[in-house]
Structures are given as C-alpha cells and as structure tokens.
Amino acid sequence: MTWEELAITVTVFLPLLGAAIITFVPRRHEESAKSIALIVSLAAFVLSLAILAGYDWGARGIQFQLNVSWIEAAGINYHVGIDGISLPLFVLSYLLTFLCAVYSYHHIEEPGRPKAFLALMLMLQTGMAGCFIAFDLILFFVFWELVLVPMYFMIGIWGGPNRQYAAVKFFLYTLFGSVFMLVAFLALYFAAPERTFDILALQQMGAAGEFTANFQRLAFAAIFLGFAIKVPMWPFHTWLPDAHTEAPTVGSVLLAGILLKMGTYGFIRIALPILPDAAVEYAPIIGVLAVIAIIYGALCCLAQTDLKRLIAFSSVGHMGFVMLGIATLTPIGINAAIFGMVAHGVITGMLFFLAGSIKERYHTREIAEIGGGMVKTMPKMGVVLGLTAVASLGLPGLAGFWGEILALLAAFNPAPSLVDAGYLTLFRVLVVFGAVGTVLTAGYFLYMMQRVLMGEPPERWSEAGLRDISPIEWGAWMPLIVLTVLLGPAAFLVTGMTTPDVTTIMTTFLGG
C-alpha cells in the first residue's frame, strides 16, 4: 500500500496505540504518562498536517482513500478517506487534543490519575477523528459510539460535584439517539437496490431517487434524532449544560470543540445527500429549531451566574447558527456551517480553557464571587478573555463573524427547492430572529466582561497575588489565539478547502 492509502489509518489509530502504551505504564511512573501523551498527540497532529499539506485544494472528491473489505458476510467495508468537508474538522481535532495534552501537564483535576485520564483522552481522539474519515455507515457508527465511553468516564471521575448525574445524562441521551440512528442505517442497507453501507454509493442512490418519499421521511427522522441530540439542537440540548459544567477542563474543550461537530457533520455527510427529498421537507423544521436555539441560548446566558455554564449555554446558540446554515440547503449555508464549526471549536475551546484556569486561581466560577477587576489582578488573562469573548460574539475581523453572517445571508436566499415549496417568507422571518440573536449574544458577553474584567477587584483578590498566565498555558492557548485572529481576515483558509466539495454535494443531490 502507498502512503496515501495508509496515511488516514495511521493518523487515526496512532492515539489509540498511545492510549494502549499508557495503560502499561507502571503506577510508580504514572507521571511519565504526560510525556507519552504529549509525544503521541504531537506526532498525530504532525501527521494530520502532512495530510493537509498533501491535500489538493482544487480537486473534488475523496483523497487519501482506502476501501477494503472488513466484514464481508455483512457487506461492511473499511472505507476511509478525506475531502474538503471533513479535512478542517479532522485537523482541528488533532490540534485541540495536542493542546489539551500540553495543558494537562499542570491541569488535571482531582483525583489526579494522569495515566487513566490521558489514555481516555487519546482514545477519545481516535473516535472523534474516525467519524470524519469514515465512508461506511457501520464504520461511522463504531467511531461514533467509541467517543461515549471515554467521555463518560472523564466526566464521571474527574468532573465536578454533580459529575455522576451529568455523566449518566450525557451517556443516556447520546445512546438513545444512536439507537434510532443505527436502525435508520440498517433500513438504508435493506432499502438500497444494491445492498451496501457505503456512504458514497448511498448518496448516488439518493440522487437517483432510489428511495421512496415515505421511506425517506422515516429514515431522516431517525437519523435526525441521533444527530440532533449530539449537536445538540433545541429541545434535545438539556444534557449539554450539565455535562459542560461538571466536566473537567480538557473534557469541556474536546466536547465543545469536536464532539458537537460530529452531529452537524453527520447532517452534511449523511442525512442531506442520501435523503434529499426528506431534507427539503425537514429543512424548515430544522431552521425553526435552530433559531429557537439561538434566542433561547442567549436568554439563558443572560441568566447564568456560573462562568462555565454561561459558556456552555453559548454553545447552544452558536450551534443554532450552524444548523440554520445547514437548513438553507445552499452552498453558502453549508460553507457557513463548516466555518462556524471550526470557529466555534477554536473560540469556545479557548473559553473553556480560560474557565478552567480561572477556577484554579479563584477556586470558584461564580461571576459574583470573582467580583470583577481581572484586568488589574491578572492583566494578560483579562486581555485574552476579552479577545476571545468578543470573537465569540461575532465581532467583524475575528473568527466568529463569518459563520454567523454567512448563515443569515444563506437563510435570506435559501435553496430553490425550498423557495418552490413556499418557504421563502419563513426563512426571511428566521433571518430577523437570527439577527436579534446576534444582538443578544453581544449583550450577554459584554455583560459578562463587565462583571468579570472591569472595575476594581475585591480586596481579597488584590492581596491574594493571583498568578497570571503560565508558560504551559501560553503554549496550550497561543495557537487558538492566533487562529481566532487569523480566521477573521483569512476565512479562505477554511472555505478554500470546503467550497469545491460542498458545491458538488449541493449541486448533485439538492439541485443547488
């Protein structure tokens, strides 16, 4: 086999190999697990950059492809590859895992146990990355389920006071949706004229109208439930604030940065192109739920007193913009969704890093207890928090702007199939409410900055000698800070990868 055929497999399973190595580290040398995790995550990240460097941006279709029989009796193949839709998320997953390994050198919450914690983190990396490169439905499902176990234990062991409740809630919600999704995958296999789990083959069948309208409606509903819970869309979002609030810092970073994107990616890769007629019927519902999430998430943020819970609810709103872009069924909307996923992963991942370090110094996440004045007690931390917050609220010139504005632009002119179905007015009304959501988003972030950053610090913090950003934290955060600033004026770094394949999918399967 050539390097192009093996590159994806080696990159995906290297973290899992690292997790296996860490499990054999003797307990008396447990601290060495940090170095192993750092080396393995760095090597995997470098391999992902090699794939990025070797990727042909101007080409369309799957690159670095490997398709071999896996379970021949059931028609299940090990079919992996990468295209412009999955590449940005694939590389982002390795970047965030590497930065989490750097951060974990000094920031593993009680009860410690770095060996188990870092092994779970690397196992989680394999599951996350695998979802973005799988082109067989069963292989996709295996990777999808793989992320459940490590995240469950990361929340349940290293989480906050209500960690067990949050971990069980996260596990049950996701597993519930996964059951319906698996049923839909099996139904697609048996409904296909040529029985297959291959995603590309099923996309061609969907484009050719091989699936009946009633079948598409039922299959899309089941797949929708699985993906919507993972996103999470309103009203399936209730597990997210609890999971984020109780999760350790690294768990929150990976959960917000990558795991939520598995759901939105699934809509783009599987639901829309395989079931195009049902996608048109469900798009208005998705759009309405997305805008409800935007408004609801912003209002909940205004009521939060816990800094980390505020950031968690902000993810509900931001993922609402991603889903609004997907609901438009246009190339602009899908590009906006993918860019919004990347920007949210960078910015919100950074916000959760900051929330963890703030908790470490103040021993609280209560905004009232922090009391303001951070720019005086920890000026560098205050500046970074301010920059990340204004990026998250969508300030033009920073990474958070393009995903929101392009999603609203796409909603103003949705796909011709939606216009022909009489949904143009609905989507333009959604644009108005989405724009109100951007104002509310700015409101709650500015309100948070006023209460945390501005004013005079309470005397107890002035005398405490709070430590500003450490070298380890700078190492973990600087790439995200650079990307937050860079992706504003250089949005083409993402859209240049995504546009060819997005245009192909939307033109071929949805008529533009």
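Q: How are H3 and H4 oriented to each other?
A: This is a predicted model, in which local features need pLDDT of at least 70, side-chain atom pairs count only at pLDDT 80 or more, and totals for chains, interfaces and linings use all residues. Residues are numbered from 1 along each chain as its sequence is written, and side-chain values use heavy atoms, with hydrogens and water left out. Helix H3 (residues 87–103) and helix H4 (residues 114–133) pack at about 170° with axes 9 Å apart (axes are lines fitted to C-alpha atoms, for helices over the stretch in contact, and angles run from 0 to 180 degrees between N-to-C directions; helices, H or I of at least four residues, and strands, E of at least two, are DSSP runs numbered from the N terminus). Angles under 35 degrees count as roughly parallel, over 145 as roughly antiparallel, 65 to 115 as roughly perpendicular and the rest as oblique, and H3 and H4 are therefore roughly antiparallel.

Q: How many charged residues does the contact of H3 with H4 have?
A: Contact means heavy atoms within 4.5 Å, and the residues making it include Phe90 and Tyr94 of H3 and Met128 and Phe132 of H4. Ala, Val, Leu, Ile, Met, Phe, Trp, Tyr, Cys and Pro count as nonpolar, Asp, Glu, Lys and Arg as charged, and the others, Gly among them, as polar. The contact has 10 nonpolar and 3 polar residues, and the number of charged residues is none.

Q: Where is proline 232?
A: The peptide bond from valine 231 to proline 232 is cis, with omega near -10°. Most peptide bonds are trans. Proline 232 lies in the loop between helix H9 (213–230) and helix H10 (239–246).

Q: What is the omega of the peptide bond from tryptophan 234 to proline 235?
A: Proline 235 is placed in the loop between H9 and H10. The bond from tryptophan 234 to proline 235 is cis, and its omega is near 5°.

Q: What is the phi of leucine 329?
A: Most residues other than glycine have a negative phi. Leucine 329, found in the loop between H13 and H14, is not a glycine, yet its phi is positive, at about 55°.
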